Amino acid sequence: MKERAAVIFIFFLILCIGYYYYISIRGKIILNKLSEYLIQRKFYEFDALACSRQAGKYVKPFNLDFIRMNRDILSEDKKAAGSWLEHFRKVNMNERQKESVYLRLYFYFLTTEDLDEAEECYRQLCSLKHITDRKTVMRTYDTYVEKGFRYLKETEEELLSAPERNKPALEALLADMYANAGDEINAEKYRKTVQERMSSESAE
């Protein structure tokens with residue numbers, strides 16, 4: 001489960017750059033401070049600032065909701081994080097906003113194995129004219145929701161020329177693809193490779 005969470009989170013980081021419209025210098029300062037609190041996992045300070053009059057005045061509602069959603073995900077508050085899907089169903093968003101929200105929630109629900117919610121996010125993403133990396137969305141959906149391995153050979157070829165920082169995600173994905181295909185020998189081979197990489201990184 002830890003390896004799956006890691007691969008999904010890495011894919012999200014590769015795909016998503018935080019989406020914000022800044023309405024003022026003060027709004028930018030507030031968002032930057034909120035982001036800093038999230039990185040440092042200072043959730044009490046984050047909540048105090050996010051709920052302040054200044055944040056409500058200078059930060060657009062969508063931007064504030066989006067970063068608050070990320071706070072709930074990072075703090076592993078499953079009930080609060082899951083409620084954002086219902087919230088954003090009621091929000092009138094443009095295409096870029098929809099991409100940011102549904103990509104974030106899609107990878108989150110894959111991590112928590114809430115596959116019905118992940119599928120809803122997937123359908124929303126597929127309805128958009130453009131998403132940052134449609135192939136990654138399709139590949140993870142096939143592997144984790146449909147339990148398939150359609151992208152196995154393609155992913156193995158990609159691994160050969162992938163930058164080192166991307167290899168753990170691809171190897172973890174290949175482990176699950178081989179498991180879906182019923183090939184436990186290769187699945188275990190890639191699991192061990194991922195575990196060795198993670199152990200090596202944590203030791204540095």
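1. E171 sits in helix 11, which spans residues 167-180. The model is a predicted one. Is E171 buried or exposed? With a relative accessibility of 4%, E171 counts as buried, because buried means under 20% relative accessible area. Leaving aside residues up to four places away in sequence, E171 touches L159, Y190, T193, V194 and R197. One of these contacts, Y190, returns in point 4 as a member of an aromatic pair.

2. Aromatic pairs come next. A pair of aromatic rings is described by the distance of the centres and the angle of the planes. The structure holds 8 aromatic pairs. Among them is F62 with F66: the ring centres are 5.9 Å apart and the planes meet at 20°, so this pair is stacked. The cut-off behind that label is planes under 30 degrees apart.

3. Where do F62 and F66 lie relative to each other in helix 5? They are 4 residues apart in helix 5 (residues 61-74), so about one helical turn separates them. F62 has a relative accessibility of 9% and therefore counts as buried. F66 is buried as well, at a relative accessible area of 5%. Both residues also belong to one aromatic cluster, formed by F62, F66, W84 and F88.

4. A further pair is Y178 with Y190. Their ring centres are 5.9 Å apart and their planes are at 10°, so the pair is stacked. Which parts does the pair tie together? Y178 lies in helix 11 and Y190 in helix 12 (residues 184-203), so the pair links parts that are 12 residues apart in sequence. Y178 and Y190 are both buried.

5. The backbone has some points to check. Most residues other than glycine have a negative phi, and most peptide bonds are trans. R41 has a phi near 55°, a positive value in a residue other than glycine. R41 is found in the loop between helix 2 (25-39) and helix 3 (43-50). Its relative accessibility is 46%, so R41 counts as partly exposed.

6. E113 also calls for a look. Its phi is near 60°, again a positive value in a residue other than glycine. Where is E113 placed? E113 lies in the loop between helix 7 (95-112) and helix 8 (115-126). With a relative accessible area of 43%, E113 is partly exposed, because that class covers values between the 20% and 50% limits.

Key: Residues numbered from 1 in each chain as written. Predicted model: local features only at pLDDT ≥ 70, side-chain atom pairs only at ≥ 80, totals over all residues. Heavy atoms only, no water. Helix = DSSP H or I, 4+ residues; strand = E, 2+ residues; numbered from the N terminus. Buried < 20%, exposed > 50% of the residue type's maximum accessible area, 1.4 Å probe, protein only. Contact = heavy atoms within 4.5 Å. Phe/Tyr/Trp six-rings, centres within 6.5 Å; stacked < 30°, edge-to-face > 60°.
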